[in-house]
Amino acid sequence: MEGKVFTEEQETLVAKSWGVMKKNSAELGLKFFLKIFEIAPSAQKLFSFLKDSDIPLEKNPKLKPHAISVFVMTCESAFQLRKSGEVTVRESTLKRLGGVHFKSGVVDEHYEVTKFALLETIKEAVPEMWSPEMKNAWGEAYDQLVAAIKAEMKPSP
């Protein structure tokens, strides 16, 4: 995603909201994933640990740690974006994420649903800070992370 500049104003908006949300990462991460599955119930099939599970989603012992790690990685990546000028997720992690998303059959629609769920989760977490500018800042950061993952979406060697 060359040429897309993450501005200082966008960085400030992301940093301010992430500063408030960080302490609630566990709750927000789970909320974020429950939103994804509410919008696209079929997305549950993409997760091996949810496929044949009868446990309610919010009680699934594997969903919460996964949700937290994805939420925190996404937010930290957004937070670091301007400082580094690029997505700072380690290359090995990006390669792994690309491979896993490829193997699971993740498609563009899934990324769109996830983006919507992320923005809604943030909006509900920091309603007094939320603005069109903040929505754009988080949207841009998410798009850059997704572009970096998609660039690695190929079968593992």
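Of the 157 residues in the chain, 41% are buried (under 20% relative accessible area, with exposed meaning over 50% and partly exposed in between; 1.4 Å probe, protein chains only). The model is predicted: local features need pLDDT of at least 70, side-chain atom pairs count only at pLDDT 80 or more, and totals for chains, interfaces and linings use all residues. Residues are numbered from 1 along each chain as its sequence is written, and side-chain values use heavy atoms, without hydrogens and water.

The chain has seven helices and zero strands. Helices (H or I, at least four residues) and strands (E, at least two) are DSSP runs, numbered from the N terminus. Take contacts between residues at least 6 apart in sequence: 77% of them join residues at least 24 apart. Contact means heavy atoms within 4.5 Å.

Start with helix α7. The axes of α6 (residues 108-125) and α7 (residues 132-150) come within 10 Å and cross at roughly 145°. Axes are lines fitted to C-alpha atoms, for helices over the stretch in contact, and angles run from 0 to 180 degrees between N-to-C directions. On the α6 side, the contact includes Y111, L118, L119 and I122; on the α7 side, W138, Y142, V146 and I149 are among the residues. In total the contact divides into eight nonpolar, two polar and five charged residues. Here Ala, Val, Leu, Ile, Met, Phe, Trp, Tyr, Cys and Pro count as nonpolar, Asp, Glu, Lys and Arg as charged, and the others, Gly among them, as polar.

Helix α1 (residues 8-21) also packs on α7, at an angle of about 90° and with the axes 9 Å apart. That makes α1 roughly perpendicular to α7 (65 to 115 degrees; under 35 is roughly parallel, over 145 roughly antiparallel, the rest oblique). L13, V14, W18 and M21 are among the α1 residues that meet α7, where M134, A137 and W138 are among the partners.

S131 counts as buried because its relative accessibility is 18%. A polar atom of its side chain lies 3.0 Å from the backbone nitrogen of M134.

Another serine, S48, belongs to helix α3 (residues 48-51). S48 has 60% relative accessibility, so S48 counts as exposed. S48 and S104 are 56 residues apart in sequence, yet 8.9 Å apart in space, C-alpha to C-alpha.

Notes
A polar contact is a pair of N or O atoms within 3.5 Å; within protein, one must be able to donate a hydrogen and the other to accept it, and residues adjacent in sequence count only if both atoms are side-chain atoms.
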